[in-house]
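Subject: Structure for you to look at

Hi,

Here's the structure I said I'd pass on.

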Amino acid sequence: MERQRIKEYSHRYFLAPGECTPEGEMPITLLLTRIIEVATEHADMWGVGYSTLVTSNESWVLTRVTIEMTKMPPVNKKYVFTTWIENYNRRFSQRNFEISDEEGNVMGYARTIWVVINSATRESVDISKFSYMSEVVSQHPCPIEPQSKLQPVSQGSSAHYCFKYCDLDINQHVNSVRYAELLMNQLPLEAYQANRVKRFEISYIRECRYAEDVAVKVDSSTNDVRLEITDAEGNSHCRARILLEPRNE
C-alpha cells in the first residue's frame, strides 16, 4: 500500500467536561497525550509509526517536550492539533505542534524531540535509514524558544513516590504522561487557581520502572518552578519546568 507522505497533519478534538482541570481548561497532561497521539497518527501515515516499527522490535521514544500556550482550550469547545517535522538527523527527530481553536486562532505551540530505540536493548537506532523522512520536512514556523537546559534541583522540598501498575506503558516502563502528572501534582490547587501555565518543559533522562521508589524535588520559590525526579542513588530520571503567569494579567 502506498503511504501518504503528508507534511502537515491535523486532528480535531472536543474537550469534554470530564477531561478538564478545575478551571475548565485542558490540562497539560491531556495536551501531552494528544501530542503523542497525533505524532503517532502522522508517522503511521508514512510508514514509520508504531505499527511498522514494532515489527522490527523498535519504537519511538519521546525525550523532550516544550509547550508554550497563550490560552488553553476551554471546556465544551473543539480544538485542533497540527503537527509537522522541522528537521531530523541520525539520532533525533524534531516534531512541532500548533494548537488552535475551531476558528483557526492559534492558542499555542509545542516542540518535541524523539528518538527510535531498540525495544530489547533500549539503545538508540540510526533514523537516517528512514530516508523518505526528507519528503515530509516542513517549513511551517514554530515561534516558541527551544527547551532551556534544565538543571538539577538543589533546593526546595522533596517528596517520595513509588511507581505502580497504572503508571506503566506498553513497554512496562513509566508512561511519559505519568511523569508530568506526578510533577504537576506537586503544586497546590491554589497555585493553579491564581496562575495559568504559560510554559511547560520536560526532559526525560532515564526510564523508571514498576515499584521503583523515587524522590520528587520541587523548587517553587518563584513562579518559574523547577522540578526533578531522582532515584535512590541520586540519579536524575526526569527534569521539568513550570512557568506560571498570574491569571489576572
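Let me start with a salt bridge: the side chains of Arg199 and Glu68 meet at 2.6 Å, N to O. By salt bridge I mean a side-chain nitrogen of Lys or Arg within 4 Å of a carboxyl oxygen of Asp or Glu. This pair links distant parts of the chain, with Arg199 in strand β7 (residues 195–204) and Glu68 in strand β2, 131 residues apart.

Before I go on, the housekeeping. This is a predicted model, where local features need pLDDT of at least 70 and side-chain atom pairs count only at pLDDT 80 or more, while totals for chains, interfaces and linings use all residues. Residues are numbered from 1 along each chain as its sequence is written, and side-chain values use heavy atoms, with hydrogens and water left out. Helices (H or I, at least four residues) and strands (E, at least two) are DSSP runs, numbered from the N terminus.

**Salt bridges**

Back to that pair. Arg199 is buried at 7% relative accessibility, whereas Glu68 is partly exposed at 25%. The cut-offs there are under 20% relative accessible area for buried, over 50% for exposed, and partly exposed in between (1.4 Å probe, protein chains only).

Arg199 also meets the side chain of Glu201 in a salt bridge (2.7 Å, N to O), and Glu201 is buried, with 0% relative accessibility. Shared partners join Glu68, Arg199, Glu201, Asp224, Arg226 and Arg241 into one network of salt bridges.

How many salt bridges does the structure hold? There are 17. Another of them is between Glu102 and Lys78, at 4.0 Å, N to O. Glu102 sits in the loop between β4 (93–101) and β5 (106–118) and Lys78 in strand β3 (residues 78–88), so this pair ties together parts that are 24 residues apart in sequence. Both ends are partly exposed: Glu102 has a relative accessible area of 41%, and Lys78 comes out at 38%.

**The core and helix α1**

Next, the nonpolar side. In soluble globular proteins, nonpolar side chains tend to be buried together. Here the largest nonpolar core has 63 residues, and Ile35, Phe81, Tyr179, Phe200, Ile202 and Ile242 touch the most other members. Helix α1 (residues 28–45) gives the most to this core, with nine residues. A nonpolar core is a set of buried Ala, Val, Leu, Ile, Met, Phe, Trp, Tyr and Cys residues joined through side-chain atoms within 4.5 Å.

Leaving aside neighbours within four places in sequence, Arg34 is in contact (heavy atoms within 4.5 Å) with Tyr13, Glu19, Met26, Tyr79 and Phe81.

With neighbours within four places set aside, Glu41 is in contact with Tyr9 and His11. Its side chain makes a polar contact with the side chain of Tyr9 at 2.7 Å. For polar contacts I use a pair of N or O atoms within 3.5 Å; within protein, one must be able to donate a hydrogen and the other to accept it, and residues adjacent in sequence count only if both atoms are side-chain atoms.

**Helix α3**

Is α3 (residues 176–184) largely enclosed or largely open? Seven of its nine residues are buried, so the helix is largely enclosed by the rest of the structure. Those buried residues are Ser176, Val177, Tyr179, Ala180, Leu182, Leu183 and Met184. Among the contacts of Tyr179, beyond neighbours within four places in sequence, are Phe163, Ile202, Arg206 and Cys238. Asn175 caps the N-terminal end of α3, with a side-chain oxygen 2.7 Å from the backbone nitrogen of Val177.

**Positive phi**

Two residues other than glycine turned up here. Asn76 has a phi near 65 degrees; this residue is in the loop between β2 and β3 and is partly exposed at 45%. Gln172 has a positive phi of about 65 degrees, lies in the loop between β6 (157–162) and α3, and is exposed, with a relative accessible area of 60%.

Cheers
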